[in-house]
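Here are my notes on the model you sent.

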Amino acid sequence: MLPAHWDAVARIYAEGIATGNATFETEVPGWEAWDGAHLPDLRLVALTGSEVAGWAALSPVSGRCVYAGVAESSVYVAESARGQGVGRALMQELIRRAEAAGIWTIQTGIFPENRVSLVLHERVGFRVVGTRERLGNHLGLWRDVLFLERRSPHTG
């Protein structure tokens with residue numbers, strides 16, 4: 001992902017936000033804030049021709065050295081590209097690059113209502129670790145979040 005992709009990435013992020021089931025976020029952050037929160041070498045876009053069809057990225061979960069190999073994933077697919085394998089391709093490549101970079105655990109939180117995202121994550125090796133009940137208030141409703149993780153098979 002390059003800064004030049006940001007407008008398309010932000011548009012796709014906004015499409016996800018509009019579903020009400022992709023994130024607690026209600027607005028797309030600016031490039032500087034988003035860029036500062038994500039690992040520079042672990043962010044991808046999927047292109048269909050010259051158009052961005054989706055994106056995936058990792059952000060660190062903590063600044064503590066013991067968590068250096070643990071990151072949180074985000075994946076969003078354009079409305080026009082959903083159901084075409086874009087999310088799966090992004091996640092598979094993100095996992096491959098993450099392991100090459102020394103990431104041993106990728107975690108994510110998904111609203112239980114977001115069945116498509118749950119199935120995607122399970123297909124690429126994530127497992128549900130638990131439910132974080134009423135984790136946050138989103139648009140006036142207390143929302144549960146399923147906590148998922150994928151551990152690299154290359155760890156002990």
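1. A cavity here is a set of points, on a 1 Å grid over the protein atoms alone, where a 1.4 Å probe fits but cannot get out. Grid points are joined across faces, edges and corners, and a volume is the space filled by probe spheres set on the points. The model is predicted: local features need pLDDT of at least 70 and side-chain atom pairs count only at pLDDT 80 or more, while totals for chains, interfaces and linings use all residues. Residues are numbered from 1 along each chain as its sequence is written, and side-chain values use heavy atoms, with hydrogens and water left out.

2. Searching the whole structure gives one cavity of 30 Å³ or more. The largest cavity holds about 30 Å³ of space. I95, A98, E99, I103, W104, T105, I106, R150 and S152 line the largest cavity (lining residues have an atom within 4 Å of a point). Two elements, α3 and β4 (105–110), each give two or more residues to this lining, and α3 supplies the largest share, three residues. Helices (H or I, at least four residues) and strands (E, at least two) are DSSP runs, numbered from the N terminus.

3. The largest pocket has about 1,300 Å³ of space; a pocket is an open set with protein on both sides within 12 Å along at least five of seven lines. It is lined by 48 residues, of which A22, V75, Y76, N114 and S117 are the closest to its centre. Helix α4 gives the largest share of the lining of the largest pocket, seven residues.

4. How do α3 and α4 pack, and at what angle? Helix α3 (residues 86–100) and helix α4 (residues 115–123) meet at about 40 degrees, with their axes 10 Å apart. Axes are lines fitted to C-alpha atoms, for helices over the stretch in contact, and angles run from 0 to 180 degrees between N-to-C directions. The pair is therefore oblique (angles under 35 degrees count as roughly parallel, over 145 as roughly antiparallel, 65 to 115 as roughly perpendicular and the rest as oblique). G87, R88 and M91 of α3 make the contact with L120, H121 and R123 of α4, contact meaning heavy atoms within 4.5 Å.

5. F147 sits in strand β6 (residues 141–151). F147 touches Q107, T108, R127, V128, V129, G130 and R132, leaving aside residues up to four places away in sequence. F147 and G130 are 17 residues apart in sequence, and their C-alpha atoms are 5.4 Å apart in space.
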